[in-house]
Structure formats: structure tokens, C-alpha cells
Amino acid sequence: MANVTDLQTKYSKLAQEYSKLRAQNQVLKKAVVDEQASSVSLKEQLKQRDQSLRKQEQEMDSLSFRNQQLAKRVELLQEELANRGDSPSQHGLETQSVFDEDLQKKIEENERLHIQFYEADEQHRRQEAELKARLQELEKDSEQHQAVVDGLTVKYMDTIERLQSDKARLEVKAQTLEREAKECRMRTEECQQQLRRCQSELNRQVKQSSSVIQEKVPFNDTKFSDYNSLNVPPHNRRHQLKARDLAGQALSFIQDLVAALLNFHSYTEQRVHIYPRDSSIEPISPLNQKFSQYLHENAAYVRPLEDSFLHLHQSITEDTVTVLETVVKLKSFADNFSSYTHFLQKILPYQLKSLEEECEAPLCTAALTVKNQELQSDMKRVTSVFEKLQSYINILALPSVRQDAMPQSSTSAVFTQLAACLHSLHDAIKEMSKHYNQKASLEQELPTVTQKLCTTTECLLGSLGSLTSSTGKIATFFSNNLDFFASSGYSPRGSTATLNPLQAESMLANKKKAAAYMHAVKKPRPQSVPYREALSNRRILTSSTESREGLTQQVQQSQEKIARLEQEKEHWLLEAQLGKVRLEKENQRIADLEAQLAAALGGSPNSQAAAASTLAQSHEEAEKEQKAAGKETTLCTSLVGMLCTTPTVEHVGDEESREQLIKTHYMTRVGELTTQLQISDSKAVHFHSECRALAKRLAIAEKSRESLSEEVKLANQNITRLQDELATTKRSYEDQLSMMSDHLCSMNETLSKQREEIDTLKLGSKGNAKKNKGR
């Protein structure tokens, strides 16, 4: 139901967003239509202004033509007046002077009107050009706005389609959730029915148990805490399974930590022999020699951590009771951890002095000195954190030695502080790893750095990375299971007393007795069979048992015989090889004897007898020499443990041949194991390089992700800024259009005034023409 409510809320939000986008789209469409209508009206107004301007130009042309006619007529009239008599009357002169003055005024007024008309015409043309340019700009802006509106329309259409598809998907999901809700309601009804049945059954059992308790139990010791503490608590199998599971996980983490510590100390020892002095070129300082000697002993302090925790894990089984009072193996782990902490305290001054010696090297820069000082503080911090861990682990190991060593109320606080201390260890090692990385990058810039130092530094950085990872896993594992560690797990019913080892032992013994008793009680009775069938079955069973026992004995005898024959086979194979060697020696000896006999047969009979006796003697001497040859061999041992025999006589005995064959077999086996070790080392190096490459790829991916997120933020900011600029531009265009409308209205008023003045001038010029005609 919660999922349906969330879907309905999400659907309502999507509907609101859809309505907002639709309203914005309608507003944009209306704005575009209004802009287009205003541009069309401006074009119409411009056409009307052009038409009125042409009419005014035509009227001005006609007025100028008439003015020219009037000017010519005035000139003609002046000539006629000049050609008339020389004695005009005084009245005529006055009239002529008045007419001349009026004419002069009209001429000046006409010039003024011409100037004003010219200026108005120029202003009108300039305004017309500005309006045309402005109209072109507005048309361009309208096109741009139309393109933006089209893009927004496409975008909104895509958004609408996506929202519609989301709506359809959500509707399908809502229908599915509704079906699931119906099924859940049905299951809920079934569960309620089962609950009612269980409640009725429990009520019946409670009544039955209450009647049994009232009738059979004379005394209830669970009501009193003193008596209840003597009761054995029930065995919590789930707690034991989880404890063993957590101990197995912790063992894997401890193994990783031990491997990382071994690598860190070993590579630190290698680095001491390489930098700042290379031991292969010149002797290192006495301080570093002592430091290297202590580091060489690190396995004696680190390996027991894994072994003792392995014994602790093996002691936690399903049939045991695991609480702080019964975990005896925790004390050995605490002792080994204390010895390792003392080892760290012992090598800490040498570490600090070794770093100071690196700072005193001639090529050590200021940046390297700073990093060495930071590493000194990091090593002090790591050692202090290990000392805190030692204290807390020793406190947790005390209840298994002395029951009243720590109260139950303090257990939770100790585990909480231990978890915080593990996180502090992870932070300290992480900081030290970071400073070592910075130091390695600075050392690579030195001119005297060697490939051996670079390789050792990379291995040291890899061990620090493994150490950081393992400590982080341990801290996270301990924090996630802090509640389980702090809980007691075992206590008598209705009491908060702790469980001692004697109670745990008696509880397990009672459990075994109860299991045996229940097994004996629940043993099914055999079914009854007829007497004749039972007799036949007994004969068959007896014969089959005898035959099975006989076959079992035959199988055992055959297996023993096979094993003995295999041993004899190997023995006779060696004997055959030795016999072959003996045969070759006998053939050689017979050939020598035949040669001596042939040489002896060539002489006298006495010489033949002497030769025969000589041959017999030489045969006996050869046998004696052959027997003594097995005792006159020397053994030499090489550096790799290879044994080689150096016979002092020409012939080799049987024991030496057998020993040579055994040595050849074992040397072949050693070669095979060496090859397998080399292959394993190469695979480990390959996996290490792959892990480093993957770590670099992960760092590059994280950087690219951060850069892309920054680009997305900038793009969103640009979109917001462009939307604001669009709204501002729209408002400015509206203001400018209103201003242009006001200006056009003022221009219309000015043109109407000019038109009235022109009409007035036309009327005045017509009146003057009439007066002139009347004269």
C-alpha cells in the first residue's frame, strides 16, 4: 500500500509538472502569435506612412509648381506696374507698398514653410530608416525567438511523450501493485485466521500448562533473583552460529592485516638497505643496521596474531557457549597483540631516527623534509593507536581469567571505544599512506634515484594500500556488528546475571543428556513378524553378516597386499637398476679376467697354474676393493642443499647407486617445485599490476565523473541565465514597442499639424491670388 501511495504521489507530481509545462507552452505560443501580429501591424502602418508620404510629396510638388506660377505672375504684375505711367497717385503707391509688404511676408513665410517641410521630410526619412532597421532587427529577433520556441516545443513534446510513457508505465506498475495489495490483503486475512488459531491453541496450552504447574510444581524458583541465578540458561544456537560466522569473517580480515603488516615491515627493511645509502655499494649506518635487524624479526611478532585468532575461531563451535567469560583463547590473542605492540614501540625510535637520517642526506629537498616530518607524526600516531587497542583487547580478555574483572554494564562502553579506536587506526594509516605517496612522487624527481629504490617504494606503497583497505574493512565490520558484540547472549530467564564457565559446562552437559534421553524415548518399536519369517530372516542375516565380514577382511587383506606389493615393486625396481649396474661391472671384470687368462695360457703349465692362482687372488682382491669402495666416498654440500658423491675409486657400489637415484628423484622434485613457485610469483606480480591499473582507472573515472558533474552544473546555470535573458529581452521588446507606438502617435500628430498648416497656406495663397486678380 505504501508503494501505491508513493506511486500516486509521484503520478500527481508528474501531472502537475505536465500542466505547468503545458501552460508555459501555451504562453510561449501566445507570445509568438502576438509578436507576429504586432510585426504585421507595424508593416501595415509603415505601408500607410509610405502612402501618406507619397501623397504629401505630390501635394508639395503641386504647391511648389503653383508657387512658381504665383511668383511669375507677381513678377509680371510688377513689370506691368513698372511700365504704367510715371505719375501714379499717392493712394496707388501706398497700396503698392502694402501689397509689396504682404507679398514679402508671404514669400518669407513660404520659405519658412519650405524649410520646415524639408526638415520634417528629412526627419521622416531618418525615422523611416530607423524604423526599417528596427523592424529588420525585430524580424531577426522574432525568427530567433521562433527557433527557440520551436526548440522548446520539440523539447516539451519529448518531455510530454516521456511523461506519457512514464504515466503508462506507472499505471501498469500501479495495477501490479494493486494486485499485489489484493494478494497481500488475502494473505493478511489468512495470517489473521492462522493467528486466531494459534492464539486459541496457545490459550489451550497455557491453561493446560497452568494446571500442570499448579498440580505438579511445588516451588517456582524463577520469581526470586537469588534462586534464578542458579538456574542454567537455555542454549542459544542462533547466537552461536552468528558468533562462529563473525569469527570466520574476522579471521579473514586478520589474515589480510597480517599479510599487509608482513609486507610493510619487509619492504621497509629493504628500503633501509637501499636509501639513503645502498648497502651493495657502501655500508649503511649502525642505526639502520639495528633497525633492519629488528625489522627482520617482524614475522615472530606478526604471525602469532593469525595463529592465535585461528585457535580462537576453532574454539567457537555450535555446541559451545561464547561469551567473554568463556572465550579462553582470547587471552592468548591479547598477549600476542601486546607483544606486537611492544615490537612497534621498540622500532618507533629507530623509524624516527632513520627518517631524520634521510633528511640529512645531501640531495634531500625542503619538501621531502616536510614529508618526512609528517611521516614521523603519522608513525607516532599509529603506535599510540595500537597501544589503545592493546589496552581495550586486554580488558576484554580479563573476564575469561577472572570473572569479577569487568562488570557487565561496562562491556558496551569498551566495545564502543574499541570500534572508535579501530576507525582512528584506519584514519592514521590512510594519512600515512597519503604522505608516503607524496614522498614517493618527490623522490622520483631526484637525479640519484635508482630503479631498485623505485621498485621497493612501489611495493611499500602497495603494502600500505593493502593495510589501509584491511583496517577499513575491520573498522566497518566491527561497527556494523557492535550491537551483537555488546549483547550478552546468555542469561537465566528473567535475570540479567552473567554466565560463568561452570554454568556453561553444566548447560552443555545437560543438553547432551536431554538429547540422548529424547532420542531414547522417541526410538520407534520394531514391528512384529511371523516366527518362520523371523527364522529365515535370521539365517539370511547371519549368512550375509558372515559373508560381509569375510569380504571386509578380504578387502583389507587385499589392500594390505597391494600396499606391500607396491613397496616390493619399488624395491625390485631399484634392485633391477642395481643388478644392471652389477652386470655391467661383472662383464667388465670377466673381460679383464679372460684377457689375463689368455695372457697366462700363452706360457708354461707352471705359469698357467700360477696364473690361475693369480687370477683367484686378483678376484678376491677385486671383491674386497668393491666392498671397500662403498666406504670410501666423500660427500659435498652446495649452497642450495644439493648433495653430490665423489667416489675415490673407479667403481661405485650398490649403496652409492641407490643414493644417487634417490638424490636425482628429489632434485627433479625440487626443480618442479621451483618452477611452480616461479609461476606463482609471476602470477602474483601480474595480478598486482592489474590491480594497480584498475585503481588508476577508477581514479580517472572518478575525476571524469566530477568534471562531467561540474559541466552539468555549468550547463544548468547557462540554461537558467539564458531563460532570464529571454524574459528580459521579451520585456525590453514590449517596452520598446510601446515606446515606438507612442512615437508614431506623436509623429501622426505632427503630420496632421503640418497638413493643417499646408492647408492654411493653400487657402492663404488662393485668397492672395483672388485679390491679385481683383486688382
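This short talk goes through the salt bridges of one predicted model and then its confidence values.

Before the pairs themselves, a word on conventions: residues are numbered from 1 along each chain as its sequence is written, and side-chain values use heavy atoms, with hydrogens and water left out. Since this is a predicted model, local features need pLDDT of at least 70 and side-chain atom pairs count only at pLDDT 80 or more, while totals for chains, interfaces and linings use all residues.

That pLDDT is the predictor's confidence in each residue, on a scale from 0 to 100. For the protein chain the mean is 79, and 81% of the residues reach 70 or more. Over residues 603–612 the pLDDT is below 50, and this stretch has five contacts in the model beyond near neighbours in sequence, a contact being heavy atoms within 4.5 Å. Residues 622–652 also have pLDDT below 50, and there the model shows 33 contacts beyond near neighbours in sequence.

Now to the charged pairs. Side chains of opposite charge can pair when their charged atoms come close. The structure holds 19 salt bridges, where the term means a side-chain nitrogen of Lys or Arg within 4 Å of a carboxyl oxygen of Asp or Glu.

Let me begin in helix 2, which covers residues 90–216; helices here are DSSP runs of H or I with at least four residues, numbered from the N terminus, and strands are runs of E with at least two. R125 and E122 meet through their side chains in a salt bridge, at 4.0 Å from N to O, and they are three residues apart in that helix, so about one helical turn separates them. R125 is partly exposed, at a relative accessible area of 43%, and E122 is partly exposed at 29%; buried would be under 20%, exposed over 50%, and partly exposed lies in between, with a 1.4 Å probe and protein chains only.

In helix 2 there is also the pair E137 and R134, three residues apart, about one turn of the helix, with a salt bridge of 3.1 Å, N to O. Here E137 is partly exposed at 40%, and R134 is partly exposed at 21%.

What separates K331 and D335 in helix 7? They are four residues apart in that helix, residues 329–359, and therefore about one helical turn lies between them.
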